[in-house]
Each structure stands twice: as structure tokens, then as C-alpha cells.
Amino acid sequence: MAAPPEPRRPATGSSRWHWLLIVPVVVPLLVFLYNSKDPYLFGFPRFYWLQLAFILLGVATTTLVYQLTRKRG
Amino acid sequence: MSNHVTEIVIATLLFLLVSGMGFWAARWRRPSTMAHLNEWGLGGRSFGSWITWFLIGGDLYTAYTFVAVPALLFGAGAAGFFAVPYTVIVYPLVFAVLVRLWSVSHRHGFVTPADFVRARSGSSTMALLVAVTGIVATMPYIALQLVGIEAVLKAMHVNPTWALIIAFAVLAAYTYQSGLRAPALIAFVKDSLIYLVIIVAIIYIPYKLGGWHKIFDAADTKFKATNGTLLNSANEWQYVTLAFGSALALFLYPHSVTGVLASRSRGVIKRNMSAPPAYSFLLGLIALLGYMAIAAKVKPIGTDGNTIVPVLFDQMFPQWFAGVAFAAVAIGALVPAAIMAIAAANLFTRNIYREYFRPHAEPAEEATVSKITSLAVKVGAVLFILLINPQFSIDLQLIGGVIILQTLPAVAIGLYTRWLHRWGLVAGWAAGMALGLWMLYQIPNAATKHAHFGGSAFPLSKWFDPTSIGLNAKATMYVGFVAVLFNILVAVVVTLICRAAKAPDGVDMTAPDDYTADAGGEPAAGLAGDQLPEPAPTT
């Protein structure tokens, strides 16, 4: 019972494309990118609209990685 | 009182509707038996994309979020907007990390993060620490959901005490009966209502207030003295570390893990993590309700800053729609409260009851114990709110975030590498916990004039002169972030010492390919079903 199970099939699904996910983790933490009021967009200061825009960056990246790693698990 | 009747009637009707759904949920996707923890506690591990999406949304965006995040912007300006970078960061992290947890749990039949730690590190001590940390961190989180309901009740001028007790009694009853299926089903209603309310709010309220620029102007005026609608060099590090630390903490919470483990396959989780913009945008726009409240000159009820969103709705919306909005917030509290209670109950059952009292408990017995524990957890949460100042529960929630982060090396790092020694994990946990609590103890609360546990922003000047490393003299940092760094450092150092001293390490019961396994694969040899390995020798 205490013996570790034998390896069965080679690892799938761990892919170097996952490293891309670092981008949407790091970019929202770079305060200097967005800590300003100008330019305004639809009445929103940059601080607010740009951080909301990072949501799109996150979605784009995770979607890309999902598609790239899909067949491999 | 009389002018709130329409609101109360509408909110009550919607509450009754979801309560009915909660009881009916036991028949939904009916299992052959409910008397198994996989069924009661994980909804049969069968949820597809749609349900998982709503369930995880129900986990992540709670009533407290709707109430407290705008209150933070209302009171503190830009610093409160940290919720947006947080929500961006959290999805890639879940995408990469929690799918591995899903895979290994699928292979080995793990129900809780502590089950995983037990098998991976071979340390029953570390597993117990993870379980206890999870339960302790979740309790105030459940209590906070009640704070959300309480804020709504106050805005309707209803006596909160009895209404809260009734709401939670109903919630406890249908969770007891239906398990995770109840919040999963109700999450549909909750999210539909929340979307409706927020979409109406962000179009209708700015229109009534004269446009978004008026709203931002009002906020600029309020925070003029500090230029508080932007960050400054004193709070930018707090902003960044809080966003990052909260994202790390979120997926360590047992209830997020429950939501993820209930899904059917890796693909379901991955698809979900790449399609959350609706939620994240929603959260950002909800946060801005705080500025709308400034522009609308909302006054909080008493000293309770959490009432500003309900009061804003009450002022701006027609009565009937305010009722819908209040119901949305209240139902938004019930869904996560149910999932959290289930997660805490599963931890108790699997990692305390079964581990220490009844090692050979049958699945039916586990399910029964979990059901009863979930009742106890909810009674505890109600008592908590009724007997203790709500402010105290918010402080406890801050502590909860800091302590749950201390399970990061055992759970999240453990998903990637087995390098850390089991004693290193235990020592790191203890060190991070001690440092975190000590730092929190030293933070005064400016508003209530309490000397301790006043927030999660630690002034670095208490330790050294921040200007010596180029930071603002008043720079603050998120306690959890500092504590978890210290935790990792201690874990690494103790691991090196243990290796040098040739201290015996625990047996790892998982194999490398367990972490990438998908649905359809056979369970691990010798570990079929939910049998855990025998305890490894601890010395």
C-alpha cells in the first residue's frame, strides 16, 4: 500500500505555453502604466479604464493558452 | 417604514423563490445515492462548463464584494480599486495551478486541499494544519456574507436580527438536504439578478447623475487633499501586494477548491478561466458604485460604511427595482455562504473526523458528518454576527486572508514540486503565521481608534526607514504578502537543514503524471476511490 504508484503514461498538458500566463499576472501590477488621469476615455480617467482593459488582456492570454494546449490535454 | 413595503415584498418573494429551488436541487441531476461525500459535497464531480462557471462566479463574487468593494472606494478612493487587478490576476493563476489540483484529486479521489497535502507531503501534521487553517479562515468569510445581508436589511429598515436568523435557517436547511447542488442551482438566479441590477445601475445611475465625468469629478473633489483618485508613493506597494496576495489567497480558500473539484474535466476549468470577462468587468463597475455614491451624496446609515450601496440603490431606483437589487445582494450572500459551509464541513470530515476519530468511516457516514458540520458552521456564523460587532468580523476576514496564504507552500508549491521537506513546510507555516499575526496586531485602526488589528496595510516604518531603499516614508505593504515570503524562506532553509541532517522525509503518494491526468483515466493503482494511504511514520 505504501509503494508509490507506477508511472503510467507520459505527462501531457504541462506545456511551455503556460509561461505566457505570466503576462496577465505581471502587467496589472505595473502601477506606472496606469497611475495617471490622462488620457480620459468615455469620461473615465486612465487609472480606471486601463485597468478595466487589462481584463481583456487576461482573457486574450488565457484563451490563447487554452487553445494552444487543448489537444495535448 | 411604510415607504419600504414594495422593496420588502419584492425581496421576500425572490428569496422564497430561491429557497424553493434550494430544496428542489436535491432532485436535480439526481444521483443514485446522496449518502456519499462526492455527491453531497462535490455535486457528483459532474458539473460541466455552464454550471462550473456560475458556481465559481458564486464563489468569487460574493455579497460582501458587492457591498464592501464600493464602500472601500467610497471611503479610500483609488486604493479600493485593487479588486480589478486582483480579478485579472486570479484567472491565469487558477488556470495554471488549480487544473493540476483537479487532475491529482481526480486520480486519487481527494475532496479537500488537505487530502492532497496529506498524500503529497506524507505529513499528517501538515495536512491537519492546512485543514484547521482552512476552517478558521473560512468561518469569518461566511460571517461576512451576513454583513452583506445586514447592510441590505438596514437600508430597508427591517430589524436585521430576526430576518438574518430566518434567512440562515432556510439556507442551512436546504444545504443540509441538497448539498453543493443547492448553491450550484441558485447561482443561476443569483448571477442573472446581479447582472440585471448592475447593468441597469451603470447605465441608469450615471445618466441620472449627469454622466461618468460628473461622477469622477465628485470623487476628485472629495479626495482633493490627497489626490486620492490615483495612487501615491505611500500606498502603491500596498495596492500591488494586496492585489497579488489576495489573488494567491483566493484559490487557497477551501471553497474555491470545492468549486473547481466539482467540475467534470480539466477542459471545463480551462474553458471557464478563459471566459470570465463578464464577471471581472462587473466587479470593476461594481467598485465604481462607490464613486457614484459620492456623486449622489449618499450618507451611510450610522457609521456602517457598508450600507452605501444599498442606500444608493434605495435613493436612485424606483421602489420595485430597489427590491430586486436588494434581493440580488442577499441571494449573492447565500450562494457563497452555502459553498463555504460545505467546504469547511468537508475539511472537518475528511481531515479531522476521519483522520483522527474514525479512520474507517464509510462514505455514507462521511456525508452525514459533513451535513451536520455544515449546520454547525452556519449556526456559528450567525452567532458570530449577532454577538460580535460587524467591524470585528471584517478584521477577522483580513486575518483569514493572511492565514490562508500560509498554506501556499504546502498546497500550491506542492502541486509543482516535492522539493520542500515536510518539516520545512510545517516550520514555514508556523513562521509565516506568527509573523503575519504579529504584524496585524501592530496595525492601528484610524477610524475606530483601536490600537490593533486595524487593517492589512503594514507601515514599513515600524521596521526600518523606507526612504533608505527609495520608498515613501509612509509606504505600506500587505501583511499576507510579507508573511508568505517569510514562510517560503523558512521552508527553504529548514528543508536544506533537514536534507543535510538526513531527516526522513514523508512518502509522496502521487506520481508526476497524476498532475496532468484528465477525465476518463483510471484511478491511481492501489488508491482507488477515496482511500487515503496509511499514515507515514512521523519521526
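**Rings, charges and a helix crossing**

Reply: Start with a charge over a ring. In this predicted model, the charged end of B:Lys371 sits over the ring of B:Tyr176, 4.9 Å from the ring centre.

Me: Which residue lies over the face of B:Tyr416?

Reply: B:Arg100 does, at 4.5 Å from the ring centre.

Me: How many aromatic pairs are there over all chains?

Reply: A search of the whole structure gives 22. Take B:Phe223 and B:Tyr291: their centres are 6.5 Å apart, with 50 degrees between the planes. Planes under 30 degrees apart count as stacked and over 60 as edge-to-face, so the rest are tilted. This pair is tilted.

Me: Which parts does that pair tie together?

Reply: B:Phe223 is in the loop between helices H10 (212–222) and H11 (236–250) of chain B, and B:Tyr291 is in helix H14 (residues 277–295) of chain B, so the pair links parts 68 residues apart in sequence.

Me: Are B:Phe223 and B:Tyr291 buried or exposed?

Reply: Both are buried. They also belong to one aromatic cluster, whose members include A:Tyr34, A:Phe44, B:Trp212 and B:Tyr239.

Me: At what angle do the axes of H5(B) and H11(B) cross?

Reply: Roughly 40 degrees. Helix H5 of chain B spans residues 83–108, and the two axes come within 8 Å. Angles under 35 degrees would count as roughly parallel. H5(B) and H11(B) are therefore oblique to each other. Their crossing is right-handed.

Me: Which residues meet there?

Reply: From H5(B), they include B:Pro85, B:Tyr86 and B:Leu93. From H11(B), they include B:Tyr239, B:Phe244 and B:Leu250. B:Tyr239 is also in the aromatic cluster.

Conventions: Residues numbered from 1 in each chain as written. Chains lettered and ligands numbered in written order. Predicted model: local features only at pLDDT ≥ 70, side-chain atom pairs only at ≥ 80, totals over all residues. Heavy atoms only, no water. Phe/Tyr/Trp six-rings, centres within 6.5 Å; stacked < 30°, edge-to-face > 60°. Helix = DSSP H or I, 4+ residues; strand = E, 2+ residues; numbered from the N terminus. Buried < 20%, exposed > 50% of the residue type's maximum accessible area, 1.4 Å probe, protein only. Lys NZ or Arg CZ within 6 Å of the ring centre and 35° of its normal. Axes fitted to C-alpha atoms, helices over the stretch in contact; angles between N-to-C directions. Parallel < 35°, antiparallel > 145°, perpendicular 65-115°, else oblique. Left-handed = near helix turned anticlockwise from the far one by under 90°. Contact = heavy atoms within 4.5 Å.
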